[in-house]
Amino acid sequence: MQFELTEEHLMIQKAARDFAQNELKPGVIERDEHQKFPAEQVKKLGELGFLGMMVDPKYGGSGLDAMSYVLVMEELSKVDASASVVVSVNNSLVCYGLEQYGSEEQKQKYLVPLAKGEVIGAFCLSEPEAGSDATSQRTTAIDMGDHYLLNGTKNWITNGNSASIYLVIAQTDIAKGHKGINAFIIEKGMPGFTVGPKENKLGIRGSDTHSLMFTDVKVPKANRIGEDGFGFKFAMKTLEGGRIGIASQALGIASGAYELALQYAKDRKAFGKPIADHQAIQFKLADMATQIEAARLLCLKAAWLKDQHLPYAQASSMAKLFASEVAMKTTVEAVQVHGGYGYVKEYHVERLMRDAKITQIYEGTSEIQRIVIAREVLK
Ligand code: CAA
Ligand code: FAD
């Protein structure tokens with residue numbers, strides 16, 4: 001068993017750490033406060049190749065492995081989870097879905113600009129009545145012979161307004177249940193496609209989350225991904241990798257909060273000594289460090305399995321379940337270590353605590369991860 005990172009891993013990790021400190025940290029509090037999408041920062045992430053990290057260079061990507069992706073997601077999420085979720089969705093849901101299952105024509109037309117970071121994408125599965133219960137799709141895509149006619153509403157879509165390319169899951173044949181579901185590529189500006197207002201959220205406030213409305217949108221046949229009826233499997237397979245991204249985001253939120261708490265515990269004095277000299281604080285730091293290390297190993301294990309082309313659905317769900325719970329526990333404790341200072345915005349930990357919560361909800365709630373894991377272990 002090999003626990004050492006390669007030179008290339010260390011380099012990419014450092015590049016992401018530097019980017020987070022130099023480009024994301026300035027303004028992160030204001031962006032959170034005003035719900036401002038990190039547009040300039042996302043543009044730079046694209047120029048540096050962080051938006052198509054695992055895509056083959058022949059399609060404009062950086063050709064890196066999933067382990068590198070975990071390292072990058074951790075570093076970016078330590079500082080700004082609103083920016084890192086853009087990286088996660090674009091890489092592991094949109095680019096991966098297109099590279100793995102798209103036609104050559106779809107890859108040339110859509111994957112290349114997405115991988116180069118010239119545009120960003122969105123992944124649209126959830127609906128007002130279909131979140132965890134994802135097979136209950138109400139959005140319909142009726143086969144009209146030479147095109148599909150798309151009608152319905154998608155909810156909670158990350159990059160909802162900033163994206164140019166949307167992967168939309170819809171029901172084509174209700175009688176066939178999940179086998180009648182398809183995935184389509186929708187472009188912003190297609191007649192009948194409108195974006196709802198931005199959601200006002202607890203955390204990841206810089207991320208733009210919107211509902212999307214489709215009214216008689218004509219979708220070319222060439223924009224269906226894969227064979228007829230492949231859409232639900234497409235969503236599930238794509239989410240297997242997406243969950244590694246969100247697990248790593250949770251890991252980064254936790255380790256960002258831990259690093260701040262560790263430093264603060266050394267600096268802050270109470271009862272004549274640094275609070276780090278009080279055993280109650282030491283035990284909190286010890287628990288945080290241990291849980292974060294375990295979460296990191298689960299994330300890297302899932303990524304390693306993916307890189308080896310071995311099954312990784314169970315590993316990615318375990319990583320997401322565990323890392324998101326560690327993110328919640330760690331951020332709550334990091335606020336506690338900061339005392340009253342932790343409760344105000346300047347010290348960053350209250351934001352990390354608010355950001356942590358979403359990692360237990362999106363890309364499958366913790367309860368859904370347990371369902372996926374239980375089905376795997378009971379097989
Ligand atoms: N790979 C391939 N096929 C899969 C699969 C996988 N990982 N998981 C399920 N399937 C297949 C099943 O084999 C089955 O097909 P067959 O009938 O041909 O065997 C079909 O899909 C239906 O599967 P289930 O019977 O297991 O379906 P279910 O109704 O019990 O639901 C579920 C399964 C795991 C709960 C699924 O609905 C699910 O993952 N729900 C959560 C949805 C989710 O994660 N949404 C995230 C939205 S994106 C997002 O959130 C992005 C973001 O925030 C940034
Ligand atoms: P529900 O499914 O209604 O669940 C409510 C509660 O019931 C949860 O605790 C859940 O775990 C529990 N529950 C449901 N079913 C079961 C069961 N069988 N057993 C036990 N417990 C169960 N979706 C996208 O498609 N694309 C995106 O880009 C995207 N981005 C998002 C960004 C944000 C900020 C948010 C908040 C959500 C986003 N989502 C996105 C949607 C997200 O994936 C869903 O919110 C999530 O899957 C849960 O669905 P729901 O909200 O409908 O909750």
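These are my notebook entries on a predicted model, from its overall build down to single residues.

**Ground rules**

I am working with a predicted model, where local features need pLDDT of at least 70, side-chain atom pairs count only at pLDDT 80 or more, and totals for chains, interfaces and linings use all residues. I number residues from 1 along each chain as its sequence is written, and I letter chains from A and number ligands from 1 in the order in which they are written.

**Overall build**

I started with the secondary structure and found 11 helices and 10 strands in the protein. Here helices (H or I, at least four residues) and strands (E, at least two) are DSSP runs, numbered from the N terminus. The radius of gyration is 21 Å, close to the 21 Å that the globule rule gives for 379 residues, so the protein is as compact as a globular protein of that length. That radius is taken over C-alpha atoms, and the globule rule is 2.2 Å times the number of residues to the power 0.38. Along the principal axes, the C-alpha atoms fill a box of roughly 80 × 45 × 40 Å.

I also looked up burial: 52% of the 379 residues count as buried. A residue is buried if 20 or more other C-beta atoms lie within 10 Å of its own, exposed if 12 or fewer, and partly exposed in between, with C-beta atoms placed from the backbone.

**Annotated spans**

Next I went to UniProt, whose positions are given in the numbering used here, with feature names shortened and annotations that may be inferred rather than shown by experiment. In this unreviewed entry, UniProt lists "domain: Acyl-CoA dehydrogenase/oxidase N-terminal" at residues 6-118. I find that span to be 71% helix and 0% strand, with its end C-alpha atoms 29 Å apart.

For residues 122-217 the UniProt annotation, again unreviewed, reads "domain: Acyl-CoA oxidase/dehydrogenase middle". This stretch is 0% helix and 50% strand, and its end C-alpha atoms are 17 Å apart.

UniProt places "domain: Acyl-CoA dehydrogenase/oxidase C-terminal" (unreviewed entry) at residues 231-377. There I read 78% helix and 3% strand, with 25 Å between the end C-alpha atoms.

Is strand β4 buried or exposed? Seven of the seven residues of β4 (residues 165-171) are buried, so the strand is largely enclosed by the rest of the structure. Ile165, Leu167, Ile169 and Gln171 cover one side, and Tyr166, Val168 and Ala170 the other.

I then traced the pairing, where two strands pair if DSSP finds at least two bridges between them. Strand β1 (residues 121-124) runs parallel to β4 over four bridges. Gly121 has Ile165 as its bridge partner in β4, and Cys124 stands opposite Val168. Both faces of β1 are covered too, with Gly121 and Phe123 buried on one side and Ala122 and Cys124 on the other. Strand β5 (residues 181-187) is antiparallel to β4 and joined to it by seven bridges; Ile169 stands opposite Ala183 there.

**The two ligands**

I counted a residue as near a molecule if its C-beta atom, placed from the backbone, lies within 6 Å of it. For ligand 1 that gives 23 residues, the closest being Ala134, Met236, Tyr362, Glu363 and Gly364. Which helix gives the most to this shell? It is α7, with six residues. Domain 2 (122-231) and domain 3 (239-378) both contribute, so ligand 1 lies between them; the domain bounds come from an automatic or database domain assignment.

Ligand 2 is surrounded by 23 residues, and the closest are Ser126, Gly131, Ser132, Thr158 and Thr365. The elements giving two or more residues to its shell are β1, β3 (147-158) and α11. Domain 2 and domain 3 both give residues to this shell, so ligand 2 lies between them.

**Single residues**

Most residues other than glycine have a negative phi, and I noted two exceptions to look at. Trp156 has a positive phi of about 60 degrees; this residue lies in strand β3 and is partly exposed, with 19 other C-beta atoms within 10 Å. His309 has a positive phi of about 60 degrees as well. His309 sits in the loop between α8 (279-307) and α9 (313-338) and is exposed, with 7 other C-beta atoms within 10 Å.
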